[in-house]
Amino acid sequence: MTFYVENETQVTFPFNVEETVRTVCEAVLDEEKCPYEVQVNVVLTDNEGIREMNRECRKIDRETDVLSFPNVDFEREGVFEIDEDREADYFDPDSGELILGDIMISVDKVKEQAENYGHSLRREFAFLVAHSMLHLCGYDHMEEEEAKVMEAKQRDVLEGLGITRD
């Protein structure tokens, strides 16, 4: 599996960002029983950068904590059945990996929300990665029932990794 992490900021965290991304992404993929090796790109930016991307892509002119850019159009969330006619759109021809999508995280929001919720920076960061990975796997939270499913999956993944609220 390939996880690219790019930090557009000068911010550093008191934990290994790349290791946390890999650990959380792999846990979500295991939970979802993903049968493929995957590629995921993670970009760390600041509030200004994520606001600009939110405005450009979603027409919402405000910062947010995380944005997800799925590459796969799932028929049903978490069901990795890829039609043969879409394989060229979804798989890297060199590595054969499923290009799952991109995640953009605001480091400013990680700090702010960790403080507001009273837990560690690593826990907040891991939560945002798990949340976004579920979006990349086709989940959403627009409806109450969808939100309950996502919340339970996020909680299960983080608890399974021992990344809990301090």
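Contact here means heavy atoms within 4.5 Å of each other. Keep that in mind for helix 5, which lies across strand 2, strand 3 and strand 4 and runs at about 140 degrees to strand 4. One caution before going on: this is a predicted model.

The model has an open sheet of 4 strands, in the order 1-2-4-3, and the pairing is mixed. Strand 1 and strand 3 (66–70) sit at the edges with a single partner strand each, so one side of each has no neighbour in the sheet. On average, neighbouring strands of this sheet are turned by 15 degrees against each other, ignoring direction.

Here is how the strands pair up, with an example of bridge partners for each pair.

| Strand pair | Sense | Bridges | Example of bridge partners |
|---|---|---|---|
| Strand 1 and strand 2 | parallel | 6 bridges | F3 and V40 |
| Strand 2 and strand 4 | parallel | 8 bridges | V43 and M104 |
| Strand 3 and strand 4 | antiparallel | 5 bridges | S68 and I103 |

Is Q39 buried or exposed? Its relative accessible area is 8%, and because buried means under 20%, Q39 counts as buried. If you set aside the neighbours within four places in sequence, Q39 is in contact with T2, Y4, D92, S95, E97, L98, I99, L100 and G101. A152 is another matter: 113 residues separate Q39 and A152 along the chain, and their C-alpha atoms are 24 Å apart.

## Helix 1 and its place on the sheet

Strand 1 (residues 2–7), helix 1 (residues 17–31) and strand 2 together make a β-α-β unit, and the unit is left-handed. If you are checking the model by eye, that handedness is one thing to look at.

Helix 1 also packs on the sheet, where it touches strand 1, strand 2 and strand 4. The direction of helix 1 makes about 140 degrees with that of strand 1.

V17 is found in helix 1 and, at 10% relative accessibility, counts as buried. Leaving out neighbours within four places in sequence, V17 has contacts with V5, L44 and F125. V17 and R123 are 106 residues apart along the chain, yet their C-alpha atoms are separated by 11 Å.

## Helix 5 and its helix partners

What angle do helix 1 and helix 5 make when they pack? Helix 1 and helix 5 (residues 121–136) pack at about 40 degrees, and their axes are 9 Å apart. The two helices are therefore oblique to each other, and their crossing is right-handed. On the helix 1 side, the contact is made by V17, T20, V21, V24, C25, V28 and L29. On the helix 5 side, R122, F125, A126, V129, A130, M133 and L134 take part.

Helix 4 passes helix 5 in a right-handed crossing. Helix 4 brings V110, K111, Q113, A114 and Y117 to this contact, while helix 5 brings L121, E124, F125 and L128. F125 is listed in the contact with helix 1 and in the contact with helix 4.

## Two lysines in loops

Where does K33 lie? K33 lies in the loop between helix 1 and strand 2. Although K33 is not a glycine, it has a positive phi of about 55 degrees. K33 is exposed, with a relative accessible area of 67%.

K59 is found in the loop between helix 2 (47–58) and strand 3. Phi of K59 is near 60 degrees, again a positive value in a residue other than glycine. At 68% relative accessibility, K59 counts as exposed.

Definitions and conventions. Residues are numbered from 1 along each chain as its sequence is written. This is a predicted model: local features need pLDDT of at least 70, side-chain atom pairs count only at pLDDT 80 or more; totals for chains, interfaces and linings use all residues. Side-chain values use heavy atoms; hydrogens and water are left out. Two strands pair if DSSP finds at least two bridges between them. A crossover is right-handed if, with the strands pointing away from the viewer, the path from the first strand over the helix to the second runs clockwise. Axes are lines fitted to C-alpha atoms, for helices over the stretch in contact, and angles run from 0 to 180 degrees between N-to-C directions. Angles under 35 degrees count as roughly parallel, over 145 as roughly antiparallel, 65 to 115 as roughly perpendicular and the rest as oblique. A crossing is left-handed if the near helix is turned anticlockwise from the far one by less than a right angle, and right-handed if clockwise. Buried means under 20% relative accessible area, exposed over 50%, partly exposed in between (1.4 Å probe, protein chains only).
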